[in-house]
Amino acid sequence: MNSRSILVAESVWRDIESTRSVSDDQLSILHFLFAKNFERATRIVDQRGVKRISGEPSGRSVFQVMGESRTKEEYFCFAGHYCACYSFFYDVVNRGEQLCCKHQLAARLAASLGACVDVKVSDKQLALLLSKL
Ligand SMILES: [Zn+2]
């Protein structure tokens, strides 16, 4: 994926954020950019599989996104730059073939649509969670 695609994706995310809804055109652009990963991400969002864990009072947050396998594993992830899943390390970091994994896409989509399950914890609990990543 080149930098132009990244800019296109960013502008689509911003439009979705401002309207809190996603049009057919936006869906086809995101599908074109992210292909299979985007389909998987929409399934995760449809199943309310994205939690946003926010620390109080700082408001800092991390996403916890469910996987698709039967083990029902969940992955901690930052939409922009990190996911704890295998695909992130293999496809994104090592091979550089993908810009992000499906969990990151799901987090971004759910956040843009306001479709996250919001969980509030204390900053101390959040720090403890992050220290285990
Ligand atoms: Zn992931």
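**Backbone exceptions, core and helix packing**

Good morning. I begin with Arg20, which is found in the loop between helix 1 and helix 2. Helices (H or I, at least four residues) and strands (E, at least two) are DSSP runs, numbered from the N terminus. Residues are numbered from 1 along each chain as its sequence is written. The model is predicted: local features need pLDDT of at least 70, side-chain atom pairs count only at pLDDT 80 or more, and totals for chains, interfaces and linings use all residues.

The phi of Arg20 is near 55°, a positive value in a residue other than glycine. Arg48, placed in the loop between helix 3 and strand 1, also has a positive phi, near 55°. For context, most residues other than glycine have a negative phi, and most peptide bonds are trans. The bond from Glu56 to Pro57 is cis, with omega near 10°, and Pro57 lies in the loop between strand 1 and strand 2.

Are the two arginines buried or exposed? A residue is buried if 20 or more other C-beta atoms, placed from the backbone, lie within 10 Å of its own, exposed if 12 or fewer, and partly exposed in between. Arg20 counts as exposed because it has 10 C-beta neighbours inside 10 Å; Arg48, with 12, is exposed as well.

I turn now to the interior. A nonpolar core is a set of buried Ala, Val, Leu, Ile, Met, Phe, Trp, Tyr and Cys residues joined through C-beta atoms within 7 Å. The largest one has 24 residues, of which Val50, Val65, Ala106 and Ala107 touch the most other members. Helix 5 gives the most to this core, with five residues. Two residues are in contact if their C-beta atoms, placed from the backbone, lie within 7 Å. Beyond its neighbours within four places in sequence, Ala106 contacts Ala41, Ile44, Val45, Gly49, Val50 and Val65.

Helix 5 (residues 102-113) also meets helix 1 (residues 3-19): their axes come within 7 Å and cross at roughly 35°. Such axes are lines fitted to C-alpha atoms over the stretch in contact, and angles run from 0 to 180 degrees between N-to-C directions. Helix 1 contributes Trp13, Ile16 and Glu17, and helix 5 contributes Arg108, Ser112 and Leu113.

Finally, Asp118 is found in strand 5 (residues 117-122). Asp118 is exposed, with 10 other C-beta atoms within 10 Å. Leaving aside neighbours within four places in sequence, Asp118 is in contact with Arg52 and Ser54. Asp118 and Val50 are 68 residues apart in sequence and 8.8 Å apart in space, C-alpha to C-alpha. Thank you.
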